[in-house]
Amino acid sequence: MWRCALPPLLRYPTVDELGAGAAALVARHPRDARLRRVGTSRAGTPLWLLSVGHGSRQALVVAGPHANEPVGGATVLRLAERVLADPRLHEGADATWNLLLCLDPDGLRRNEGWLHGPYALSAYFRHFFRPGFLEQPEWLPDGADRATLPETRALLELQDELRPFLQCSLHGVDVGGGFVELTHDLPGLAQRVAHAAARLGIPRELGPYDTLYWPELGPAVYRIPRPRRGDLAAAITEAAVESTWFHPYRHGTVTAVVEAPMWGVAGVEDGAPHADEETVLRRVSHTLRHDTGVLNGLLERLRPHLTAGPETARLLAPVDDYLLVCPGLADTWDPDVRDPAGVHPLPPLSTAHLAALRIAGRRLALRTAGLLHQLVTGAGRDPAGVLPELDPLIEEWCEDYRDGCGARWIPVSRQVEYQARVVLAAFELAGRHAPACSRSGESGWNAGAAVPMHRE
């Protein structure tokens with residue numbers, strides 16, 4: 001068992017700190033590490049790929065696909081240190097590790113108000129940013145051929161260049177537990193996840209909202225269903241959209257989406273049946289419906305006073321998306337709202353599932369409230385007088401997470417160590433039968449090379 005000898009991480013790195021950390025690694029290890037630019041974000045920020053090793057088998061690790069999930073950036077730097085310190089992970093495995101430092105650097109910059117702490121739920125949600133569904137770079141709602149975001153095109157071209165045997169997409173759960181989503185089964189991974197979680201005090205999420213309708217491969221490990229076309233609300237709530245998770249499937253790539261929690265909740269580990277499932281479902285759905293109505297009212301009061309422009313549009317897009325899907329979710333969860341067509345029957349629900357649904361409903365409301373808060377404070381005035389109502393709501397809902405759900409902060413160092421251990425386990429298990437692929441990690445990858453992967 002590997003034991004970390006690196007200094008503990010006390011906070012999340014910013015976009016600039018990620019780039020500086022990767023450059024410092026390359027300077028210390030010029031033979032085995034190199035850094036190249038593989039694309040440019042919408043705002044002109046470089047997308048940096050840190051590669052370690054010279055093996056023929058490519059592993060691709062993608063950090064920062066969601067703007068509010070910064071743990072992956074710290075994890076890729078930790079993984080690079082680990083691989084450089086252990087030749088068995090590159091020379092011995094005939095592998096090259098390709099670590100994309102951040103897929104959405106523009107979104108990560110917008111979260112810098114809370115990145116360095118102190119880590120409190122209210123501060124996180126008041127500074128929370130995540131773009132609208134159609135502006136998230138891993139989604140391909142119109143298919144790969146019609147992808148328009150430069151970040152998405154850069155990732156797609158990188159996948160087709162490397163043809164990796166393993167792709168890990170690093171995500172963070174704000175409140176809940178850790179889990180893994182796979183495009184292919186990796187027998188033995190659930191046991192590795194359980195061991196890492198137990199050693200580090202990370203709750204495993206045994207019934208995530210994201211995977212409600214997905215096959216279970218083992219405790220806290222789920223199979224991602226093949227994507228299908230459908231309306232936006234159904235695609236988002238069922239996570240059935242086309243995505244960069246499946247794009248390299250044609251190359252035989254195993255994709256693992258590795259979720260690490262920021263605030264852990266013990267209840268998401270309780271796989272026992274609940275004594276009164278319908279009562280909980282009614283409470284959760286009615287609460288979400290009520291909160292959505294309150295937030296809609298605040299938005300309608302605020303909307304006439306908003307100044308048109310890109311900043312307002314950026315914040316309004318996710319607000320409108322959340323308020324669009326919330327009523328449908330509430331209806332899906334409500335046992336008194338029956339679906340006559342039987343399109344969305346709920347699967348059997350454990351106590352862990354019910355805890356996850358409660359957390360998910362509260363998350364949607366808090367994210368919306370935080371974005372509305374930024375719309376007001378960014379303008380420097382409150383002409384609609386919504387802050388006296390919005391501020392207490394945010395505090396009340398965060399208190400419900402802390403006291404009602406038992407949400408407890410997990411130190412950054414433990415989040416990173418957990419995620420790194422799961423990635424290393426997936427690397428070992430996926431690599432046992434992986435063929436030699438592209439040799440893009442070999443000659444021509446100099447530390448100073450700048451090779452944009454997307455074409456405008």
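A: Start with the turn. Strands β1 and β2 form a hairpin, with five residues between them. In that turn, Gly44 has a positive phi of about 90°. This is a predicted model, where local features need pLDDT of at least 70, side-chain atom pairs count only at pLDDT 80 or more, and totals for chains, interfaces and linings use all residues. Residues are numbered from 1 along each chain as its sequence is written, and side-chain values use heavy atoms, leaving out hydrogens and water.

Strands here are DSSP runs (E, at least two residues), numbered from the N terminus, while helices are runs of H or I with at least four residues. Two strands pair if DSSP finds at least two bridges between them.

Now look at the first partner. Strand β1 covers residues 33–40. Seven bridges join β1 to β2, and the two run antiparallel. Ala33 stands opposite Val52 of β2.

Next comes β4, residues 95–100. Four bridges link β4 to β2, again antiparallel.

Finally, is β2 covered or open? Strand β2 spans residues 46–52 and is mostly covered. Five of its seven residues are buried. Buried means under 20% relative accessible area, exposed means over 50%, and partly exposed lies in between (1.4 Å probe, protein chains only).
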